[in-house]
Amino acid sequence: MDLIRKVGLKIVKLKSKLVYFLSFVLIVSGIIDFIIILHSRNLEGMGPMVGSLIASMKMIMGFCILFDPRKNLLRAVGFYAFALGFNRLLVSFPYLTNSNQIYFVVGIVFVGMSCNLMYSGINYLNETSRSRTGMVTTTSLMALLQIALLAFMYKTEVQAPWEKVAPYVVSLFQYITLLIIMDTEELRFGSSLEKSNTRIESVRVIHSLERDLKINESDAMTLLRMMDDRSDWEPVEDGGPVECEKRLRIVDKRIPSVMIMQKWRDSEKIHVTMINNDVGSIIAANRFSVTDVVPENDTEDFRYLRFFDDGRMISQIWVNRQEAKTK
């Protein structure tokens, strides 16, 4: 229980750090843009007015992340993506009037992807993922285009001044940062479809002990001996019917489940409760009783255990053995 709480606190702290990191990246990026404008009166081919607008938008979105009362990673990504899309949209317009065909084509692509990135950002501000795949694809393409532009600039302008190269490097870093953030669990499984799938999977793992759901060898031995040996179980002295209990944690891919086994006073059965999380109140659970546990065979490398209740087989759970050959 304490371990779970500690892990949960670490995850919460990590998420909050990522939120502040996104804010930091935008604010610093805006400051760099202002420095470039003051130094050269130009930002990626634009005058100081448009350049200042871009820098201001980055800083405004950065402060919005910082002072957002509903501060979370989804909304932070929304502000961040909107700022990047707005930045790239304004920067792309001069490309459309450039006589160089390469810049013209890049400008058209950038305009389309910028609008898509801004629209995705607005959806994330509503704390829902529009399409993580589309977001990642768009960001990846924009990062690749930034790399291509840097390579083209290096080829045509070997000694390009720092104020001309810096905006491309900063933008590339911003896109890479967004790609890394998009790979976090909250963003990968934040869409409505993924949330629905997660809920369905959570119900499945507590009602169906399928082959993908396995327990460790030590836990298998605990189950095999539980009718006779409960010396390592935790005693329960809360005045209720439970005499002692044992909890086994199971992970089926990314959806966890917990098997709570209890020995009640004046009962020869082991009462089992399958839930997703044993921290807090139990809302949804699968409950059954066990009177006997039978391994696949009499050898030490059995692949599964079967649970029986008064002679009726009610469930089967597989054992995670590296050396076992599954069919």
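Predicted model: local features only at pLDDT ≥ 70, side-chain atom pairs only at ≥ 80, totals over all residues.

Biologist: With which side chain does Glu245 meet in a salt bridge?

Modeller: In general, side chains of opposite charge can pair when their charged atoms come close. Here the partner of Glu245 is Arg247, at 3.1 Å from N to O. Arg247 has a relative accessible area of 33% and is therefore partly exposed.

Biologist: Where in the chain do Asp309 and Lys269 lie?

Modeller: These two side chains form a salt bridge, with an N to O distance of 3.3 Å. Asp309 belongs to strand S8 (residues 304-309), whereas Lys269 sits in the loop between strand S4 (255-264) and strand S5 (270-275). The pair is 40 residues apart and links distant parts of the chain.

Biologist: Is Asp309 buried or exposed?

Modeller: Asp309 has a relative accessible area of 13%; because this is under 20%, Asp309 counts as buried. Lys269, at 24%, is partly exposed. Through salt bridges that share partners, Lys269, Asp309, Asp310 and Arg312 are joined into one network.

Biologist: How far apart are the closest N and O atoms of Arg75 and Asp68?

Modeller: They are 2.7 Å apart, and the two residues form a salt bridge. Arg75 counts as buried at 10% relative accessibility, and Asp68 counts as buried at 7%.

Biologist: How many salt bridges does the count come to?

Modeller: The count comes to nine salt bridges.

Notes
Residues numbered from 1 in each chain as written. Heavy atoms only, no water. Salt bridge = Lys/Arg side-chain N within 4 Å of Asp/Glu carboxyl O. Buried < 20%, exposed > 50% of the residue type's maximum accessible area, 1.4 Å probe, protein only. Helix = DSSP H or I, 4+ residues; strand = E, 2+ residues; numbered from the N terminus.
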